[in-house]
Amino acid sequence: MRPPMQSAMTSGQAPVGSVVAYAGASSTLKYMEQTGWMLCDGRTIEAAIYPELFATLGHSHGGEGASFAIPDYRDVAGGPPSVSYLIKFTYGAVRMGAPY
C-alpha cells in the first residue's frame, strides 16, 4: 500500500482521510460511498476492509484492535443543517458487497 499523501499526489485525487462538505441530496449518499466516500457518522469499521483509511486514521477517532472509528460530524456546530460531511476511504475501486 502506498503512503496516503503519495497516492493522492500521484493520482490527482483527494487523499484518503480528506473530509469534504457535501450539499447533495441525502438520497445520493449511497452513490457517494460506491465512489470511495462515506458519511462521517462515527461508525466503527474493520481495518481489514478499509486498510487505506485505517493507515491514515488509526485509532485517533476511537476503536481498538482490528476495528476503528471514523469521525462523527453529523452535528457540527455552526454548520448548515442540509450539509453532510464525507470522508475519502479509498483510491481504488470499491468492492461490491463491502459494508457501508
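**A tour around strand 5**

Select strand 5 (84–88). Both of its faces are covered: S84, L86 and K88 are buried on one side, Y85 and I87 on the other. Buried means under 20% relative accessible area, exposed over 50%, partly exposed in between (1.4 Å probe, protein chains only). Strands here are DSSP E runs of at least two residues, numbered from the N terminus. In a regular strand, side chains alternate between the two faces of the sheet.

This is a predicted model: local features need pLDDT of at least 70 and side-chain atom pairs count only at pLDDT 80 or more, while totals for chains, interfaces and linings use all residues. Residues are numbered from 1 along each chain as its sequence is written, and side-chain values use heavy atoms, with hydrogens and water left out.

Four bridges join strand 1 to strand 5, antiparallel. Strands pair if DSSP finds at least two bridges between them. Look for V19 opposite I87 and A21 opposite Y85.

W37 has K88 as its bridge partner.

Last stop: select Y73, in the loop between strand 4 (67–69) and strand 5. Y73 counts as partly exposed because its relative accessibility is 31%.
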